[in-house]
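Hi,

Here is the structure I promised to pass on.

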Amino acid sequence: MPINESDIAKVAQLAHLELAPAELKIFGPQIVEIVNYVEQLNELDTTNVEPAIGGFTPEGAKTDSERRDELVPSLGQEKALEEAPDPAEGHFRVPKVL
Amino acid sequence: MSRQTVEAAVKAADKLNETLNAFLYIDREGAIKRAETSSSGPLTGIPVAIKDNLCVVGMQASCGSRILGSYHPPYNATVIQRLLDAGAIIIGKTNCDEFAMGSSNENSAFGPVKNPWDIKRVSGGSSGGSAAAVAAGIVPVALGSDTGGSVRQPASLCGVLGLKPTYGRNSRYGLVAFASSLDQVGIFAREVADVARVLGVIAGRDTHDATTANVPVPNYVESLSGDLKGLRLGFPSALFGKGVDDEVAKSVKDVVEFYRESGAEIVDVELPHAGYAIAVYYIIATAEASSNLARFDGVRYGFRAEDAPELRQMYRKTREEGFGPEVKRRIMLGTYVLSAGYYDAYYRKAQQVRTLIKQDFLNAFKQCDAIITPTSPTPAFPIGEKVDDPLAMYLNDVYTVTANLAGVPGLSVPCGLSSDRLPIGFQLLGPYWSEPTLLKLADGYLKARPFTELPPVRA
């Protein structure tokens, strides 16, 4: 699947990246090269191969992640907001949406 | 005793940082104060350095990125809490490639780490600061994270031990996520016994990370013993071919001879799909990264771009100004391979080939107890040499990424110097949960052939 510069611009938009034209120029050919490289996987016939789910070991895949439904302390509003760039009245404030 | 040790480590970190740039934060007073009151346990008073993508309360966690900058996490990572409970003293946070993406540390927003063996060369990456801090003798032990070789490769380039445990051995809670199905916290040290001791402290089930496996943690120190008789060591001769530096290949073949003479049985093994590992890795790792890094949007923590009066504009500007080029490149690649219409062609295909790579290992380990390879195809390369060629940089990880894809443990062990006096390392890969075997093999080798050379830049 050939990938071109307008694809790259569209991908940047999907990824919420506002790339400068100079960056697009550099990234374009690099991403094309990497995508061409990964296409070597098409040499392999994987018709009946199950896709792996993570790096799980047989034990890890069986891990029982259930826990008791108990009340445990959490961060709390004050602490959760401590590192926010623009907290306001107990909330994360953002620029206007519409 | 412990106060003096920690004081010496802090002083060395301070003094050598001008040359090495290994630390992004040094906790001068705090570390010394804690040395006087630390809990008593198996690591009492031992100074350790922590990669700046692990959360430590009271210290920054920048991940080598401007988008987090001086972010201070509100909780300790599980592995950090366990170190503290065991009495270890954290002296600071180490430099790394931005969000652990890189093999040379040149992708850090705060400048590259210099290799203590030659400051014109890279430390390796992404956990370059931790590797350099241990190699230069600032601390005996450091933690890093390994997603595709980020502990083992810098360990090899800096001449120290570097362990990536089995996926699920250590908790990832409080490790800033890059590629969650590949990430694992790893250990740097100069002594095998120190790797064993620290692994025993940090390993094990954690209710905050559902991918930690419910597998008992053995006494790793007891598993060390010099007798290598009867162990079967797999030798994948195909991986010693093209692209490997001659000195590296020779050095690692000498190690194979050592094991043979020590009574181990050398078995030829094949990993038929290993050649596809880099391609698989750069699809899966970037796909997971594009999703994990979506959280950096300027809302809850870290940097927010100014002059963006509209929400989506704020997201884009924040990410454009906050992320460095390699992170953007990987987010773009990951977004592309996951985008509508391409998912099956790339992501699903890569996960299928990942299954084949896993099966390669399961088959190989029917014939042997561990596999030996070089850790890195070359010794440390000059700073700047590969920065403009991302694909060439990715190929550094050719020996290390398979372990992350399959979830198996890997250990890099120093085995000498090149003619330029640069460290060379070999890698041991084992079946799931075989850390005791890997440590025993490393210990047997280093007892017989101790790595006693010292770098020119050292404490």
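A term to start with: a residue is buried if 20 or more other C-beta atoms lie within 10 Å of its own, exposed if 12 or fewer, and partly exposed in between, with C-beta atoms placed from the backbone. Helices (H or I, at least four residues) and strands (E, at least two) are DSSP runs, numbered from the N terminus.

Bear in mind that this is a predicted model, where local features need pLDDT of at least 70, side-chain atom pairs count only at pLDDT 80 or more, and totals for chains, interfaces and linings use all residues. Residues are numbered from 1 along each chain as its sequence is written, while chains are lettered from A and ligands numbered from 1 in the order in which they are written. Scores: ipTM 0.94 and pTM 0.97.

Now helix α10 of chain B (residues 325–338). 11 of its 14 residues are buried, so the rest of the structure largely encloses α10(B). Among the buried ones are Ile331(B), Met332(B), Leu333(B) and Gly334(B). They pack (contact means C-beta atoms, placed from the backbone, within 7 Å) against α1 and α2 of chain A, and against α8, α11 and α12 of chain B.

Then there's the sheet. β9(B) and β10(B) pair in the parallel sense over four bridges, with Phe235(B) opposite Asp268(B).

Cheers

Technical notes:
Two residues are in contact if their C-beta atoms, placed from the backbone, lie within 7 Å. Two strands pair if DSSP finds at least two bridges between them.
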